[in-house]
Amino acid sequence: MEHILLRARDIPNIHKFDVYKAHGGYDALKAAVKMKPDEVIDEVKASGLRGRGGAGFPTGVKWSFIPKNEPVKYVAVNADESETGTFKDREIMETNPHQLIEGAMICAYAIQATAVYIYLRGEFWDIAHELDKCIAEAQKEGFIGDNVLGTGWDCPMYTHLGAGAYICGEESALLESLEGKLGQPRVRPPFPAQKGGGLYGEATVVNNVETLTNVPWIINNGADKFKAIGTEESAGTKIFCVSGHVQKPGNYELPMGTTFRELLYDHAGGPPDGREFKGILPSGGSGPIVPATDEVLDTPLSYEDMQKIGTILGSASVIVMDDTVDMTWVASKVTKFFKHESCGKCTPCREGTYWLDKVIDRILAGEGKPSDIQLIDNVAKNMAGVTLCALGDFAANPIIHTIKNFPDDFNQHVQPAE
Amino acid sequence: MLAEKYGDRIEAAFAKYPDKRSAVMPLLYIAQEEYGWVSPEAIEEVAGLCEMDPTQVKSIAGFYTMYSEKPKGKYWLHVCTDLPCALKGADEFYQELKDYLGVDEGGTTEDGMFTVEHVMCLAACDKAPMLQCNFHYVENLDMEKIKQKIDEWRAAAKKDE
């Protein structure tokens, strides 16, 4: 099928304003502003679109939480893409930026926002500057800014660059960062969609790049057509970022419900010659690791099916390890990531990641005891669910699930108990 | 002074937000561009412009890793050694690069040209090993390719002098 998101693979140069427009670009926004804002929300609700940043929350439902009669409301586009193994939003913004901009404007219209901010990770320096040019082009033609398409509704759009902090991909930390503060999660409630919980205390929709890029297609083709793609609970396509030990790493936009086997063998070309898949991290560093068994390989990639095998679809950043890899080393790598990226606000995460890293280093150096494995398992289990944001849980996952699924990889490093 | 030299860019940054404080991150980038790092003087200037306490600005500069609180080389090489890149040999690549340039982690070459650091995931996992040079992507690397790039950067720096 044709791509919904990675359309540059079907239509060369669609990143250019004229090419995008020649292929129906901004028609969805034109159609949306002729609808009532609530009708736009209902259409997105009916499509079954769920948040592509990782949490999978129904997008239209999120929009419907925004109070109607507040004079100031915002859309914040989460383009902080920092999860280990994730590189899909980058490709969308580099190759199909206007579709993101159009989707963000449709969202803004639906909630009657007064401004849109696109929060990009600082390393997307060049992308942000290209997006600024795209925004200016769209603004010139009346799609953004004052009196959008003659509706009397004003809505400017701005980019904002972060500066190297994974945590700013967490929605409340992102808003703190936009306000010029340390990117640390907020206590909720109030949630961002509520008065008092969003940007500058105003009700705010925070949506991921991939999520919003789906929206113009939904308006153009209708909710039913979108819902017909994918599975019962996971509508549409998903961009799977495949990295690690495969022949052809890269982004693959496929219908939800595609199995691991199809993704990793048919599309990504299978493991390197002479090797076999051993383990898969389906959602970057943050989701539970699974062994590459036949049962797992035949599991459809959807929100509901991934839960059944004890992991999550998340951002669908699929990191693949072959049979040469020591999973203790994987756990160590991921732990170092979370130790570095913990914002330091909540004690269990700040201290827990530090100690986990220290003990795993000891185990990898051959100086560990069997009780060290129980120790890190115990530390990890005491981090999960007790922090303001999900980073505490994310950091616990690589430990708990690697020990559970690959016990031999840990045991080989420790001295046998006397 | 930043206010005089970068007046237009500073005004454009302020115009984006309803609150001056929100411009602290774009202004710190401007300061870093001008001075090569976020110096104590730069902190004072940015604080004055954003109407913030210098301590608050310093906490921002310290929290976010892309602001450098010490002088660096002309080119910053940020090598990703996170899991997906490491599965493709990024740890070995990073070690070879440090050996080639004769520096340790975070170190700067004697000629002040290159500062080398390892960083976390840069959203380029399918193009490993890779790095960012002053926030621009350089991908699908091996030692031969990076040596060539290093020569190009050195030549470009000479031209600038």
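Which residue of chain B forms a salt bridge with Lys333(A)? The partner is Asp91(B), with the closest N and O atoms 3.0 Å apart; a salt bridge here is a side-chain nitrogen of Lys or Arg within 4 Å of a carboxyl oxygen of Asp or Glu. The count between chain B and chain A is two salt bridges.

This is a predicted model, in which local features need pLDDT of at least 70, side-chain atom pairs count only at pLDDT 80 or more, and totals for chains, interfaces and linings use all residues. Residues are numbered from 1 along each chain as its sequence is written, chains are lettered from A in the order in which they are written, and side-chain values use heavy atoms, with hydrogens and water left out.

In the interface, 39 residues of chain B are in contact (heavy atoms within 4.5 Å) with 57 residues of chain A. The two chains bury about 3800 Å² between them, 62% of it on carbon and sulfur atoms; buried area is the accessible area (1.4 Å probe) lost on putting two parts together, summed over both. Phe63(B), Leu83(B) and Leu87(B) supply 18% of the area that chain B buries against chain A, more than any other three residues.

Within chain B, H3(B) and H5(B), both helices (DSSP runs of H or I, at least four residues), pack at an angle of about 75° with their axes 11 Å apart; axes are lines fitted to C-alpha atoms over the stretch in contact, and angles run from 0 to 180 degrees between N-to-C directions. That makes H3(B) roughly perpendicular to H5(B), a term covering 65 to 115 degrees. Val24(B), Met25(B) and Leu28(B) of H3(B) meet Val57(B), Ile60(B) and Ala61(B) of H5(B).

How values were computed. Helix = DSSP H or I, 4+ residues; strand = E, 2+ residues; numbered from the N terminus. Parallel < 35°, antiparallel > 145°, perpendicular 65-115°, else oblique.
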